[in-house]
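Open the structure in your viewer and keep the selection panel at hand.

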Amino acid sequence: MPVTPVQEDVINRLMASMTWEQKLAQLQIAFRPRLEDAAELVRSGIGAVFWPRSVEATNELQRIAREETQHGIPLLVGLDVIHGQRTTFPVPLAQAASFDPSTAETDARVTAQEAASGGVNWTFSPMIDVSRDPRWGRVVEGFGEDTYVNGVFGAAKVRGYQGSSLRDRDSILACAKHFVAYGQAEGGRDYNTVDVSTQRLRNIYLEPFRSAVDAGVATVMAAFNTVSGRPAHANQQLLTEILKNELGFAGAVVGDADGVVNLLDHGIAGDLQDALRQSFAAGLDIEMGGNVVADHGDARLGHDDLPLERVNDAVRRVLGLKVALGLFDDPFREPEYEVKSPTDTSRRAALKAAEKALVLLKNESVLPFGLGPKRILLLGPYANSTDHLGAWVQSFAEPAGSLADAIRRECPEWVLTVREATGFFGGEPDLIAQAVGDAHDYDAVVVAVGEPSALTGEASSRSDLRLPGVQEELIQAVAATGSTFAVVMFNGRPLVTSAWIDGAPSVLEAWHLGLEGPQAVARALSGVVNPGGKLPMTFPRSSSQVPIYYDHENTGRPARVSGTLDGGAVDVALMGPGNTDDHYTSKYKDLDLGPQFPFGHGLSYTSFEYGEPRLSAPEVLLSDLEGGQTVGVEIDVSNTGSRSGDEVTMVFIRDLVASLAQPVRRLRRFTRTSLKPGETRTLSFELGWNDFGFWDNDARYVVEEGAFEIHVGGGLDAAAVRSLHLRL
Ligand code: BGC
């Protein structure tokens, strides 16, 4: 972290008087120790601890650090406040669906205020692992499949946590994680092997970290996985050459929980000392677990294990963070100001975030139901469930209510009948029959289904992406009654809906939306809120279609939707209508082409129309582009319906001919606009040097001359196309 001369002086004086052991003790965070053990560790000089769960306990540990250790170095106090401390916001994947980065920034600000008031000064967030495989449970923690979206949302989170100055009492250190390419774990199985090409590493996985570093992120966490055979924790090329030297990251690199110890199982280190030596030599600055110093106080690394300069560099980085936070002046927090429950303001912010994250997947004139009197039957495991907070929720967070209760509050004129009818993993067919038997007697049925949050997050990969248990049967049974109905899905990853989607007239994607999630859903069902989010990840047709993502390469034999049969060479009975083009093309014979719902899909209760896009110039000289000239893109968007609504507009590029195969589309800008009925707005975007190029296999950023397409519109399908030439 950049430090002032006075701060530099503080660090220099400390460094001059610290022993080798005292320095190493600063380079570790004790992993959730018992309070008595934590106090002892702090006395022995440890530099960081996990939050001991109360402001009083934190103050006591800081007091020990200040008064009972030789140098009085205050503590970093870490906690995973990923999407809320007391007030839980939507899971990050849902925040990305808002396509409004202010959602993430507000979450991080509120979260930092709540956490900092209890003595936390460091969070392990944001996760900016680009995720293209929904089997991986951790997709819920990040911002989806697009590199640019992860960069923009990651930077917004960093700004929110770290505030305008780290010295402010409500600012905490952010941590961009997991460095790097963790999202490409083979088979979507957590902790699994990652093997990436240079161009994929740089174009897909590294860019969000560049954005986080540019936003001033104070710490970065190494990933559990190997990258091309070398675990990230012991990967000097990644941690030192790329992250610190090339991206210019001046903060501290922290290991993941026992990530250094895991080098033994990776088969990279023979013992703990070897693992520690390799990690710190590679560029790690803080080990997570507390293994650097043994229980009896001796450092596990001797002078022969690591160069003094490397240790000094790591210690300076850690002390730099403590100085930047102002901890040497005052590490304490007043217990009377600890925020222990949500406030009206934080609840309102969480509600707004939840409303913005809703995605209307399908709507055949069923939704919204309106606020007026009507008889509604609410069915399904999420009718009464309070499982809305999502993965990475704090045990002491304010609990959420149920959808049923929220509907009673938000839609007081509805006459609501609630039948839970089916469990997630069991359920008997005759229970379903009883639940839906009189569905016809109601004005409408709401089927609240989902994926428990315990099936999402770390170590929660799934091989089958369908709704668990008998929920598909429940939806099918409702459909068979011919009643008017809407499905609401509560989940933390893209799900496969193919068994029931065609029979469901309306489907609202409600993710795990946090404390105010049920209220947001009730308001969307009635129409008080008009959903305006879009999908940040592709929803596949089948679990075996993954990975499937929008910015894929074209391949040499792309399958095209044409509707013509290829002379009976393939068994049409096995294929959907789109999949009948040509035998020797890239596709599955037994699936329709393309995903169920593409990245960027999302409907509204109103309708939007776009005018013709305008480019500032049809061609640009590469040298001008490199010199800072930009290409302007303008488009008019109008609300042509009868309700107010939000529209997300996206700008994609396609480089038509390049020296490396390029994605069929690449998102470069997006914006979310609120429009009243009849209102038209002109949207303007600027694209520059950093938008048109790519990283090649020699790790060089190149912008190549030639023809580009600029696609502008409400999503992949709706985009209008303009041509642009970059000339030498
Ligand atoms: C996770 C990290 C997290 C850490 C500390 C690990 O298991 O991978 O994302 O920050 O635990 O709780």
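## Start at a strand pair

Select residues 48–50, strand β2, together with residues 76–79, strand β3: the two run parallel and are joined by three bridges. Bear in mind that this is a predicted model. Now pick A48 in the viewer. Its bridge partner in β3 is L76. Strands in a sheet pair through backbone hydrogen bonds, parallel or antiparallel.

## Widen to the sheet

Which strands make up the open sheet, and in what order? Five do, in the order β4-β3-β2-β1-β10, with parallel pairing. Next, select residues 122–123 for β4 and 287–289 for β10. These are the edge strands, and each pairs on one side only.

## Zoom out to the whole protein

Color by secondary structure. The protein has 19 helices and 27 strands. Turn the view along the principal axes: the C-alpha atoms fill a box of roughly 75 × 65 × 50 Å. The radius of gyration is 27 Å, which agrees with the value near 27 Å for a compact globule of 728 residues.

Color by burial: 61% of the 728 residues are buried. Then show the accessible surface, which comes to about 26,400 Å². Carbon and sulfur atoms hold 48% of that surface.

Last, select the charges. There are 65 positive and 96 negative ones, and their mean positions lie 2 Å apart.

Conventions
Residues are numbered from 1 along each chain as its sequence is written. This is a predicted model: local features need pLDDT of at least 70, side-chain atom pairs count only at pLDDT 80 or more; totals for chains, interfaces and linings use all residues. Side-chain values use heavy atoms; hydrogens and water are left out. Helices (H or I, at least four residues) and strands (E, at least two) are DSSP runs, numbered from the N terminus. The radius of gyration is taken over C-alpha atoms; the globule rule is 2.2 Å times the number of residues to the power 0.38. Buried means under 20% relative accessible area, exposed over 50%, partly exposed in between (1.4 Å probe, protein chains only). Accessible areas come from the Shrake-Rupley method with a 1.4 Å probe; for residues, only the protein chains shown count as cover. Lys and Arg count as positive and Asp and Glu as negative; His and the chain ends are not counted. The place of a charge is taken as NZ of Lys, CZ of Arg, CG of Asp or CD of Glu. Two strands pair if DSSP finds at least two bridges between them.
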